[in-house]
Amino acid sequence: MLRLRDDQWERIREHFPEEHIPEGRPGRKPVPARAVLEAVLWILNTGAQWHLLPQCYPNYKTVHRRFQQWCDREVLRDMLTQLANTLREEGAIDERESFIDATFASAKGGGDDIGPTRRGKGVKILAIVDRHGLPLSVSTHAANHHEVTLVQLSFNFYMLEAKPEHLIGDRAYDSDGLDDELKQNGVNMIAPHRSTRKLKTQDGRHLRRYHRRWLVERFFAWLQWKRRLLIRWEYYATNFLGFVQLASITMLLKQF
């Protein structure tokens with residue numbers, strides 16, 4: 001998605017206030033928010049450096065500055081939340097059965113909130129998707145944190161008021177402590193036991209839902225089509241998270 005359709009822009013334009021420059025003031029003219037957004041989408045899809053932005057788009061310095069403003073003000077997160085709730089009201093999102101997983105992105109440019117691993121320094125992109133593979137929560141964290149410790153943090157980025165009835169993950173999420181924490185919020189954690197576990201507590205009937213965990217894997221495959229997300233080049237974690245949120249927004253917009 002490099003260009004927005006008119007109906008897509010009308011759905012999200014309220015989240016992007018136009019730049020206000022007083023009339024008669026000398027200097028540059030205000031750049032339309034739609035043109036800036038489409039330029040950021042080009043960066044997201046191609047993975048190119050900012051200064052390689054084609055001349056058909058606004059100046060790359062303007063685009064980068066406006067994108068940072070959107071990330072700092074959580075404009076993209078608010079828009080993602082509204083789209084997700086609208087789709088839920090229309091029946092396109094079903095959060096009752098959801099899936100959680102994380103993927104690794106190396107951080108070759110350095111910056112904040114990165115962590116060392118055997119694969120090098122990087123970040124984890126943690127996501128919760130519904131039974132159709134649509135995002136309900138996306139967040140980024142330093143890669144040296146274990147995924148069990150990040151589950152509760154991922155709910156800080158959860159877009160719906162209703163929590164999932166069943167949350168399915170892989171063996172990395174096998175933890176009695178995590179099960180108990182989520183049960184207090186009405187969430188049933190389903191994950192296969194690790195080979196080292198002595199006490200088996202998982203209900204085999206519920207574990208059948210694990211076979212549909214490919215939905216979250218497909219979500220990450222969609223994300224990796226966005227070349228800007230393969231490697232984190234952004235120094236600031238908020239900017240990289242903004243790209244992840246923007247990629248999720250493009251997925252939701254295709255549902256309308």
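In which strand is the place of S98?

Guide: S98 sits in strand 1, which covers residues 97–106. First, some ground rules. This is a predicted model, so local features need pLDDT of at least 70 and side-chain atom pairs count only at pLDDT 80 or more, while totals for chains, interfaces and linings use all residues. Residues are numbered from 1 along each chain as its sequence is written, and side-chain values use heavy atoms, with hydrogens and water left out. Helices (H or I, at least four residues) and strands (E, at least two) are DSSP runs, numbered from the N terminus.

Back to S98. S98 is buried, with a relative accessible area of 0%. Buried means under 20% relative accessible area, exposed means over 50%, and partly exposed lies in between (1.4 Å probe, protein chains only). Which residues does S98 touch, leaving aside its neighbours within four places in sequence? They are I128, V129, D130, L136, P164, H166, L167 and I168. Contact here means heavy atoms within 4.5 Å.

Take L167 from that list. Leaving aside its own neighbours within four places in sequence, L167 is in contact with S98, F99, I100, I128, V151, F155, L182, V187, N188, M189 and I190. L167 also belongs to the largest nonpolar core, which has 74 residues. A nonpolar core is a set of buried Ala, Val, Leu, Ile, Met, Phe, Trp, Tyr and Cys residues joined through side-chain atoms within 4.5 Å. The residues with the most contacts inside this core are I12, F16, L167 and Y173.

Next, take V129, another contact of S98. The bridge partner of V129 is P135, in strand 4. Strand 3 (residues 120–129) and strand 4 pair in the antiparallel sense over seven bridges. Two strands pair if DSSP finds at least two bridges between them. Their hairpin has five residues between the strands, and G133 there takes a positive phi near 85°. Strand 4 is mostly covered: eight of its eight residues are buried.

Strand 4 leads on to helix 4. The buried residues of helix 4 pack against strand 4 (135–142), and also against helix 1 (6–12), helix 3 (60–72) and helix 8 (237–253). Helix 4 (residues 75–89) has 15 residues. From its first C-alpha to its last, helix 4 reaches 22 Å, close to the 21 Å expected at 1.5 Å a residue. That expected span is 1.5 Å times one less than the number of residues. Which residues of helix 4 are buried? They are V75, L76, M79, L80, L83, A84 and L87. They cover an arc of only 160° around the axis, which puts them on the same side of helix 4. The arc is that of the directions from the helix axis to the C-beta atoms. An α-helix has 3.6 residues a turn, so residues three or four places apart point the same way. After helix 4 comes G91, whose phi is positive, near 85°.

One last stop: charge. The structure holds 16 salt bridges. A salt bridge is a side-chain nitrogen of Lys or Arg within 4 Å of a carboxyl oxygen of Asp or Glu. One of them joins E234 and R228 (2.6 Å, N to O). E234 is buried, at 6% relative accessible area. R228 is buried too, at 4%.
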